Amino acid sequence: MLLAAVGLRRPELVAVAAPFGLIAAVGLARSAPPGVTARMTPGEVRAIEGDRVSAAVEISSPHSQWQVEVGLGVPDGLTPVGGPPRRAVRLRGGSTSVLFELSCDRWGGFVVPARIRVREPLGLRVWDGEAAAPLQVRVHPQIEPLRQAPRPVRTQASVGSDTSRTAGEGLEFADLRPYQHGDRLRRVNWRVSARRGTLHTNVHHPERNADVVLFLDSFAESPVSLDLAVRAASALATVYLRGRDRVGVVGFGGVLRWVLPSAGRAQTYRVLDSLIDTEVVTSYAWRDVDIIPTRTLPPGALVLALTPLADDRALAALAALRARGFDLAVVDVSATGRTPASAGAVGDLAHRLWVLRHEGLRARYRRLGVPVVQWDGLEPLAVSLAQLREARRYARTVRS
């Protein structure tokens, strides 16, 4: 209107525009930073796929605020419940909490930042800010219940649920031997002693724990293979730790990760947290087993490899582990059965060659005495593990 007053030479337009200019000048002069702070409560949340988690953004201000807009930056894998993750509140001094609910659609580690926007009453100025610390959401995969997992050949000295091959104090019968000084009377087999005329005692197999290392190949050829590997590793780690075995993890890929073998409930969370942090990282650097810390692979451990049999670096590392005498078993998570061929004759031929390559790799490991089974997620993991236990009964030890 001021420009119109100058252009049209009409001074009365200045009188009309003056009140609006005065309001804008006074509003801008009196406006000051609002001093609003925000923080997320709680700071970290754990959940399982399919669960819903609640989080609150606590807003504080020493003065009343006309309007405070609160929004969450929700990443893929989480879905806001009840509409878009945005709220607008009027703050009358002090503090208030704005609640949000998120649905956990996929396993993984997620960072959810909170942003605030404060508007002054006339809408002339806007202040933006973020919460002091974002919300950490750790979503564990749905764990498939397993009744039994492949048992290690060698056991350790601690008490567990595995039957040792050595003789000692235990529950499972092993053999009979003549009575020796110091044997407990409850170990005497009175029927055999009466029949043979001399005292004989029962010998049992002691119950011991074992070391299990989950070898996770993160040189995965597709996110589907990595998803299958993480789900299988979570189920296996849970069942082994429930049986008081020591479990460790080696993430062999573009980023080397490991968890030292240990037992107990705290180890369950350490292993699961390590698994959900696994991701596909492209790397062209050559890696072998020499870069893996020695304590991560204790002698006599069962190494369960979860791999799509796609990268030569992982294949060479597994062959080296077998050559060093480790008890090795492989679960192929390449998902060849659920991957359709591309359209056309060339796509069909490429798919057949890909399937034949995996069959050849599995046959190569079997010739080395390494049992290999395939799991594509279409059937329960327990079915593939039953096949693996059966194959381990007839696997022969070969050093290359």
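Is aspartate 227 buried or exposed? At 18% relative accessibility, aspartate 227 counts as buried, where buried means under 20% relative accessible area, exposed over 50% and partly exposed in between (1.4 Å probe, protein chains only). Please keep in mind that this is a predicted model: local features need pLDDT of at least 70, side-chain atom pairs count only at pLDDT 80 or more, and totals for chains, interfaces and linings use all residues. Residues are numbered from 1 along each chain as its sequence is written, and side-chain values use heavy atoms, with hydrogens and water left out.

**Salt bridges**

- The whole structure holds 14 salt bridges, each a side-chain nitrogen of Lys or Arg within 4 Å of a carboxyl oxygen of Asp or Glu.
- Aspartate 227 pairs with arginine 231 in a salt bridge (2.9 Å, N to O).
- Because they sit four residues apart in helix α4 (residues 223-242), arginine 231 and aspartate 227 are separated by about one helical turn; helices (H or I, at least four residues) and strands (E, at least two) are DSSP runs, numbered from the N terminus.
- Arginine 231 is partly exposed, with a relative accessible area of 24%.
- Arginine 117 and aspartate 128 also meet through their side chains in a salt bridge (2.8 Å, N to O).
- Arginine 117 belongs to strand β7 (residues 114-119) and aspartate 128 to strand β8 (residues 126-130), so this pair ties together parts that are 11 residues apart in sequence.
- Arginine 117 is partly exposed at 33% relative accessibility, while aspartate 128 is exposed, with a relative accessible area of 56%.
- In the salt bridge between aspartate 332 and arginine 362, the closest N and O atoms are 2.4 Å apart.
- That pair links distant parts of the chain, with aspartate 332 in strand β18 (residues 327-332) and arginine 362 in helix α7 (residues 344-367), 30 residues apart.
- Both aspartate 332 and arginine 362 are buried.

**Backbone points to check by eye**

- Most residues other than glycine have a negative phi, and most peptide bonds are trans.
- The peptide bond from threonine 41 to proline 42 is cis, with omega near -5 degrees, and proline 42 lies in the loop between β1 (37-41) and β2 (44-48).
- Arginine 244 is not a glycine, yet has a positive phi of about 65 degrees; you will find arginine 244 in the loop between α4 and β15 (246-252).
- Leucine 309, also not a glycine, has a positive phi of about 55 degrees.
- The loop between β17 (302-307) and α6 (312-323) holds leucine 309, which is buried, with a relative accessible area of 0%.

**A nonpolar surface patch**

- Tyr179, Leu185, Trp190 and Leu199 make up a nonpolar patch on the surface, with about 430 Å² of accessible area together (Shrake-Rupley method with a 1.4 Å probe; for residues, only the protein chains shown count as cover).
- Patches consist of residues with over 30% relative accessible area and no salt bridge, joining like charges within 9 Å and nonpolar side chains (Val, Leu, Ile, Met, Phe, Trp, Tyr) within 5 Å.
- Leucine 199 lies in the loop between α3 (190-196) and β12 (200-205) and is partly exposed, with a relative accessible area of 37%.
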